Amino acid sequence: MEYDVVIGLEVHVQLKSESKMFCSCANEYGAEPNTNVCPICLGYPGVLPVPNIKMIQKTALAGMMIDCDVAKFSKFDRKSYFYPDQAKNYQITQADLPICLEGKIDISGKGLSGKDLPTKSIGVERIHMEEDVAKSTHFGNCTGVDFNRAGTPLMEIVSHPDMNSADEVYAYLTNLKQAMQYAGISDCDAEKGQIRCDVNISLKPKGAEKLGTKTEIKNLNSFRNAHASVEFEIKRQTKVLNEGGEIYQETRGWNAEKNHTYIMRVKESANDYRYFPEPDLLPVTFTDADLEEIRKEMPERPAERYNRYINELELPEYDAGVLTSEKAMSDYFDACVAAGAEAKATANWIMSELLRELNEANQTIADCKVKAEDLAKLLGLIAKKTINGKIAKKVFAEMFASGNDPEAIVKEKGLVQVTDKSAIEAFVDQAIEANPGPVEQYKEGKPNVDKFFVGQVMKLSRGKANPAMVIEMIKEKLG
Ligand SMILES: [Zn+2]
């Protein structure tokens, strides 16, 4: 039987913030456990939370980035929650009145599996704010709780059940991450747990109105795991249904090593968190003027930048997609172009040489020592034929290692391209004289012998000869 797949996501995104949500403790990843704590985030009785207004504004901005309506009135609630990772025994969150409502994330292009995605908008039901809980680490026979993360600002972004495949889930997450990065709301570094998601997934007979029973896959810590777990769960549920079995409403985990989902707990009924309004915090209100101020902080959005690259800079769609996928990379590209570099040449250089060097050095563009203006200078040296492409790669490797100015490197190492006709002629004569065999082969019309001679001349000139002039000269000499 054929089934329709129905998927909705709940994504938790950590907000980029110096301090926690309701106290002044530092929000710092990787600090010694339980060093960034105070009576407020440890849940001592009698203390009062003080909201981090900047994070409330950032959440509104997050909503604007994905076309949500920002509520002029929202409030915080307490979610009753008895677990070692929350010392207060309740979590401050937002229940019925969240900050952002009804947005969308557009997807299109190619999916992770290589298949085409449908061009569509995936609805976002809401974004609400909450405080994160402590981090539990399980050791052999005990569990350690690190409260450094307790009380750090978090957004929960809930989608409508508008996704129908693993590829759509991956694209939604990718585009959501982009939007958050562009606005400086979160780096969404999955390795640091800055973006985590839960997937709700059900199957129903093709075309049926009534939704099937859904399962929830919890705590997916990477987009690839989200993709893989959805693919697995679609197959698992299809098999159960085809064999006449029943899907139970349950919470499942993902085992990335064994590549399967497993039962964590069966849900008998909806959890009763006994929400009630947080009495220690005032409602959140925005005036029109407040919202206008926040809207001013909206950067060029990823889709707008993508279109600008195609329409104004005439880049191919592929290049525009790669460059805009990371804000830091496209900012870098923009800076190169602003410094006078030609757009397509810059795109090529970033996508090949720069990304290769970064990968090899296990660095991100933020760590890169090559300033955008210096890459623009290097591309200028190629365009002016001061150096050829091959030498440029060597110069770039040096720039990457030292951060030095390309013009200084070229000068210091004597790498200026040889474009003097008589000098090139001398190299060509030398190559011909030293290789009588290949000369014969060339005259017999054997293919690729010209390439052999270009190689010889480049070697003799230590890579500095102008390749176009070399080819011309060889043809002239050998007839
Ligand atoms: Zn604190």
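# Close-up views of a predicted model

Both Cys-23 and Cys-25 fall in the buried class. The model shown in every view is predicted.

**View 1. The zinc site is built from four cysteine side chains.** The zinc ion is coordinated by the SG atoms of Cys-23, Cys-25, Cys-38 and Cys-41, at 2.3 to 2.4 Å. Along the chain, these donors follow the spacing C-x1-C-x12-C-x2-C. The arrangement is tetrahedral because the 4 donor atoms subtend angles of 100 to 114° around the zinc ion. For comparison, the ideal angle for four tetrahedral donors is 109.5 degrees.

**View 2. An open sheet is formed by 9 strands.** The order of the strands is β2-β6-β7-β10-β1-β11-β12-β13-β14, and the pairing is mixed. At the edges stand β2 (69-70) and β14 (260-266); each has a single partner strand, so one side of each is left without a neighbour in the sheet. Within this order, strand β1 (residues 3-14) pairs with β11 in the antiparallel sense, over 11 bridges. Ile-7 has Ile-201 in β11 as its bridge partner.

**View 3. Asp-198 is placed in strand β11.** This strand comprises residues 195-205. With a relative accessible area of 5%, Asp-198 lies under the 20% limit and is therefore buried. Its side chain reaches the backbone nitrogen of Asn-219 at 2.9 Å. Beyond residues up to four places away in sequence, Asp-198 touches Gly-8, Leu-9 and Glu-10, together with Glu-216, Ile-217, Lys-218 and Asn-219.

**View 4. Asn-175 belongs to helix α2.** The helix spans residues 166-182. Asn-175 has a relative accessible area of 24%, which lies between the limits of 20% and 50%, and the residue is therefore partly exposed. The side chain of Asn-175 reaches the backbone oxygen of Asp-106 at 2.7 Å. Asp-106 is also one of the residues that Asn-175 touches, along with Ile-105 and Ile-107, when residues up to four places away in sequence are not counted. From Asn-175 to Val-5, the separation is 170 residues in sequence and 21 Å in space, C-alpha to C-alpha.

**View 5. Strands β5, β4 and β15 form an open sheet.** The 3 strands are arranged in the order β5-β4-β15, with antiparallel pairing. The edges are taken by β5 and β15 (276-277), each with a single partner strand, so one side of each is left without a neighbour in the sheet. Strand β4 (residues 77-80) pairs with β5 over 4 bridges, and Asp-77 stands opposite Thr-93 in β5. The pairing of β4 with β15 extends over 2 bridges, with Arg-78 opposite Phe-276 in β15. Strand β5 (residues 90-93) is covered on both faces: Tyr-90 and Ile-92 are buried on one side, and Gln-91 and Thr-93 are buried on the other.

**View 6. Tyr-81 lies in the loop between β4 and β5.** Its side chain makes a polar contact with the side chain of Asp-85, at 3.0 Å. With neighbours within four places in sequence left aside, Tyr-81 is in contact with Gln-86, Asn-89, Tyr-90, Gln-91 and Val-133. Tyr-81 and Ser-108 are 27 residues apart along the chain, and their C-alpha atoms are separated by 39 Å.

**View 7. Strands β8 and β9 form a hairpin.** There are 2 residues between the strands. Strand β8 (residues 135-139) and strand β9 (residues 142-146) run antiparallel and are joined by 5 bridges. Lys-135 has Asp-146 in β9 as its bridge partner.

**View 8. The chain is divided into three domains.** Domain 1 covers 3-288, domain 2 covers 302-405 and domain 3 covers 421-478. Taken over C-alpha atoms, the centres of domain 2 and domain 3 are separated by 33 Å.

Terms used. Residues numbered from 1 in each chain as written. Predicted model: local features only at pLDDT ≥ 70, side-chain atom pairs only at ≥ 80, totals over all residues. Heavy atoms only, no water. Pairing = 2+ DSSP bridges. Domains from an automatic or database assignment. Donors = N, O, S within 2.8 Å, 3.2 Å for Na, K, Ca; no water. Tetrahedral: all angles 85-135°; square planar, octahedral: opposite > 155°, others 65-115°. Buried < 20%, exposed > 50% of the residue type's maximum accessible area, 1.4 Å probe, protein only. Polar contact = N/O pair within 3.5 Å; in protein donor to acceptor, adjacent residues only side chain to side chain. Contact = heavy atoms within 4.5 Å.
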